[in-house]
Amino acid sequence: MAPVDPHSYTDGAHPVTKHAALSFYLDFTASTIHASALLTLSEPHSGDLLLDTRAVSVHSATTAADPPEPILFSLAASPDPILGSALTLTLPPDTTSFHLTFSTSPDASALQWLAPPQTASAQPFVFSQCQSIHARSIFPCHDTPAARITFSLLLNVPSQLSAVAAARHVGRRDPLPSDHCGACDEALWCAPGRVVEEFEMEQPVPPYLFAFAAGGIGSRDLGPRTRVYAEGGDKVLDEAAREFAGVEDMVKVGEDLFGPYEWERFDLLVLPPSFPYGGMENPRMVFLTPTVIKGDASGAQVVAHELAHSWTGNLITNKTNEDFWLNEGFTTYAERRIVEVVQGEERAALNMGIGWRGLNQMMERFKDNMEFTKLKPKMAGIDPDDVYSEVPYEKGFQFLWRIERQIGRPAFDEFIKKYIAMFKFQSIDTETFLEFLKANVPGIENQIDLHLWVEGTGIPPDAMEPDSAIYKKICSLAAEFKSGKLPSEDEVADWNGQEWELYLENLPTDVEASQVTALDERYKLSESRDYEVKVAFLQLAISAGCKCYFNEVEKCLKQVGRMKYLRPLYSSLAKCSGEEKMLAQRIFSEAQEFYHPIARGVAESILSKHS
Ligand code: BES
Ligand code: ZN
C-alpha cells in the first residue's frame, strides 16, 4: 500500500479514476440518491483497487463488457470516523472501466435535503458541499485532490424542479430508458413527472469540486458569461442581480492579473441560509451563502475570493490537505489584488487588517496545539473540518506578501502568471512550489527564511501588520473603548460593515457588560442586517456576560447555518458556565435539523469539547 494522501484510501501504486459517468435518481421523499457510475481508470489494472466511500450502500459491481461480468467487492465493515469505508474491488485482468450501482444514505455528509417548509420556494431542495472529504459520501471515488477527474452527470429530478451543477449544462429533457444504467428501475427513472438535467465536465477537477443542487431555482443574466441562480422568486433574484452587477468586470480584472479565465462561464448560485460556508469555489458555478446579499455591494469580497480560486485552487490544486495553504493563501492574496482594483487600496487594506486580527486570534485558539499554526501541518488522523481556521488563509497571504515585498510587485506579478501557466490542471505540493520559487527567484532562500515560514509554528517576525490610515484609526478607537470612550457619530459616519467588524474584533476582551450595552444602544449593532457585524457584536456580548441578547443569539443560530457564525457563537456560549452552556445545548437540539451535516458535526464537537 502506497498512501498518497492521509485523508484517502487511494493507493499510489494503482491507477486512479480519470472519468466518471454518473446517473443519479434524486428521491426527495427518502433523502436518497439511487445511482450508477461507470468509472474509467487512467490505465488498465488487475486485482485490488481501493475507492473511498462514506455511508454509501453498494449494490453491484460489474465489468463494462457486454454482457457484464460480476466483480468481487467488499466494503470495510466498520467505517473509520474520518475516512469512511474503503471499497475494495477485485478487478479482472486489464480492466480500464467498471460499473457500480449504489445508494447514498439520508445522512450523507455532503448533502443537505430541505423539505418544502424549510425553503423559500416551498419546493424541496438539495445541495452538495464536498470539500474537503465529502465527495465520497455521494459516490465511490478516489477522493483525494491528488487525482483529477472529468465527469458526465445525469440528474433525474421531479419536473417542477430545476438543477444546476459545477459543469457545462448540456440540456433538460425527458428521461430515456437508456439513461439509468441500473441506478434504479426503468419504470421509476422514466415515470411521468420526472425530467433529466444533463451536465458534462470536460476539464479535469479534483473530486472536492464536484457539486450540484436541485430545487425551485430561477436565474438572471448578469453579463455575457455570468448569471446568478437562486430560489425564492423575482425579489431575491432582483436583489442578487443588483448585488452582483460587477461580476463580469471582476472576471476581466482576474484575467489581467492571473491570465486567461479557463472555465468558460462564471455563474453564481445563492443557496438557502443553511449553506455552511460563505462561498465555495465550485468551477463554473460558485456556491454562496445568502448572507452575502446585504444590499451594499459588499458581497463582492466573497465573490472576488471564489473567483480567484478559478486560478489558485481550481487550476492549480493542493495535492493534499496538508498543502491547503496553496489553495487558500494564494486565493486570499489574489482576492485582495482583485479587491484593490475594483474597490481601491483602502478597502484591500481593511480586509488585510481583519485578516491580521484573525491570524493573531488563531495563535490563541491553537496555543495548546501549535501544529495547526504551521503553514504545512501534519494532518494524519485529523478531520480537516475540525481544524479549519484562518491560518492557511492569512499566514499563506502573509508569506506571499512577504515575497512580494522582497522582489517588488512587477516581478511578483510576473512570477504568479508564470506559476499558473506552469502548473495549471495539476495538483502540487508545497515542496514543488518552493522549488519553483527558488528556480525563478534565485537567492530568495538567502533573503527569506522559507523553512521557518513553511514548517515553523506561530507568526514569523517578518510578517507585517497592514499599514493604512483607516486601519490604524479604527484600531486606536477600539483601544480607547477600555477607558470608556465610544466612537462618536462623526467618527463612524462613513463606516460600513467591514469597518465595524474590524472595530469589534479589536476591542479588548475583558470589557464591562454596561459598556457593551451602551455601544449597542447607540449603534444598534445587535440588530445589524450584516451578519459579520451582528455576530462579532453578539460574541462580545456573550463574553462580557450580557444576558439581554440571548434572544438575538438564539434567532441568529436558528436562521443562518454558516459555520463562520456558528463556531464563535456556540464556542462563546459553551465556554461560559451554567445558563449560557444550557442555552447552547437547547438551541442546538432545536436547530440541528436545519444545519447541513458538516455544520451539525462541527457544532456538536464544540459542545462536546466544553461539556
Ligand atoms: N474553499 C473555501 C471553503 C471551504 C474550505 C470549504 C475548506 C470546505 C473546506 C472557500 O473558498 C472559502 O474560503 N470561503 C470563505 C470565503 C471568504 C474567505 C471570503 C468562507 O466561506 O468564509
Ligand atoms: Zn477559499
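Guide: The answer begins with one site and then takes up some other places in the chain. The model is predicted, so local features need pLDDT of at least 70 and side-chain atom pairs count only at pLDDT 80 or more, while totals for chains, interfaces and linings use all residues. Residues are numbered from 1 along each chain as its sequence is written, chains are lettered from A and ligands numbered from 1 in the order in which they are written, and side-chain values use heavy atoms, with hydrogens and water left out.

For reference, ideal angles are 109.5 degrees for four tetrahedral donors, and 90 or 180 degrees for six octahedral ones.

Helices (H or I, at least four residues) and strands (E, at least two) are DSSP runs, numbered from the N terminus. His309 is buried because its relative accessibility is 0%, and Glu328 is buried because its value is 2%. Buried means under 20% relative accessible area, exposed over 50%, and partly exposed in between, with a 1.4 Å probe and protein chains only.

A polar side-chain atom of His305 is 3.0 Å from an oxygen atom of ligand 1. For His309, a side-chain N or O atom lies 2.9 Å from an oxygen atom of ligand 1. A nitrogen atom of ligand 1 lies 2.6 Å from a polar side-chain atom of Glu281. Such a polar contact is a pair of N or O atoms within 3.5 Å; within protein, one must be able to donate a hydrogen and the other to accept it, and residues adjacent in sequence count only if both atoms are side-chain atoms.

On its own, ligand 1 has 520 Å² of accessible area, and the protein covers 92% of it. The areas come from the Shrake-Rupley method with a 1.4 Å probe; for residues, only the protein chains shown count as cover. Strand S16 (279–280), H4 and H5 are the elements that give two or more residues to the shell around ligand 1. H4 gives the most, with 3 residues. In total, 17 residues surround ligand 1, and the closest are Gln131, Gly278, Glu281, Glu306 and Tyr393. A residue counts as near a molecule or strand if one of its heavy atoms lies within 4 Å of it.

Some backbone details follow. Gln131 is joined to Ser132 by a cis peptide bond, with omega about 0°, and Ser132 lies in the loop between S7 and S8. Arg284 is not a glycine, yet it has a positive phi of about 70°. Arg284 is in the loop between S16 and strand S17 (285–288), and is buried because its relative accessibility is 8%.

One residue of strand S8 (residues 149–158) is Phe151. Phe151 is buried, at 1% relative accessibility. Beyond four places in sequence, Phe151 touches residues including His19, Ala166, Glu200 and Phe210; contact means heavy atoms within 4.5 Å. Phe151 and Phe210 lie 59 residues apart in sequence, with 9.0 Å between their C-alpha atoms.
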